[in-house]
Amino acid sequence: MDAEAEIDGLDGLELDPAHRARGHRQLPNFDTPVVAFIYNYKWLGLPGVYYFDAFCQICGDHVDERPGVETDAFANAHNKSCGSLLVD
Ligand SMILES: [Zn+2]
């Protein structure tokens, strides 16, 4: 598997090779290929309160330390728009 980053300038995002590899599938049902996903989280010190980082492999856009609803919306939007650029 080619795990090289395909977009420059991502050094600050702390992506590991699995995050850089293409071919992820939507969790938890593995139905749909995804290009944008949540890859990191930060516990804010309160029970059940986390912020998340999300990344799009197609356009390189990302969000850092946002509430789950925002990262979900980011991933859904990019999987719809940027994911449509994928050719199976
Ligand atoms: Zn995108």
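These are my entries, from the overall layout down to single residues.

**Entry 1: ground rules**

I am working with a predicted model, where local features need pLDDT of at least 70, side-chain atom pairs count only at pLDDT 80 or more, and totals for chains, interfaces and linings use all residues. I number residues from 1 along each chain as its sequence is written.

**Entry 2: layout**

I looked up the elements first. The chain has two helices and three strands. Helices (H or I, at least four residues) and strands (E, at least two) are DSSP runs, numbered from the N terminus. I read the order from the N terminus as α-β-β-β-α.

Next I checked burial. A residue is buried if 20 or more other C-beta atoms lie within 10 Å of its own, exposed if 12 or fewer, and partly exposed in between; C-beta atoms are placed from the backbone. Of the 88 residues, 19% count as buried.

Then I turned to contacts. Two residues are in contact if their C-beta atoms, placed from the backbone, lie within 7 Å. I took the contacts between residues at least 6 apart in sequence, and 31% of these join residues at least 24 apart.

Two strands pair if DSSP finds at least two bridges between them. Strand 1 and strand 2 are joined by seven bridges. Strand 2 and strand 3 are joined by three. F37 stands opposite F55 in strand 2. Y41 has F52 of strand 2 as its bridge partner. F55 also has a bridge partner in strand 3, namely H62.

**Entry 3: helix 2**

I checked the length of helix 2 (residues 68–81). Its 14 residues should span 20 Å at 1.5 Å a residue, and its end C-alpha atoms are 20 Å apart, which agrees. The expected span is 1.5 Å times one less than the number of residues.

Which residues of helix 2 are buried? I listed T71, F74, A75, H78 and N79. V69 and K80 are exposed on the face turned away from the buried side. The buried residues pack against strand 1 (36–43), strand 2 (50–56) and strand 3 (62–66).

**Entry 4: the core**

I looked for the largest nonpolar core. Such a core is a set of buried Ala, Val, Leu, Ile, Met, Phe, Trp, Tyr and Cys residues joined through C-beta atoms within 7 Å. This one has eleven residues, among them V34, F37, Y39, F52 and F74. Strand 1, strand 2 and helix 2 each supply at least two of its residues. Strand 2 gives the most, with four. Five of the seven residues of strand 2 are buried.

**Entry 5: two loop residues**

I compared R25 and V34. R25 lies in the loop between helix 1 (17–20) and strand 1, and V34 is found in the loop between helix 1 and strand 1. Is R25 buried or exposed? R25 is exposed, because it has 12 other C-beta atoms within 10 Å. V34 is buried, because it has 21.

I also looked at what V34 reaches. Leaving out residues up to four places away in sequence, V34 touches H24, R25, Q26, N79 and G83. V34 and N79 are 45 residues apart along the chain, yet their C-alpha atoms are separated by 5.8 Å.
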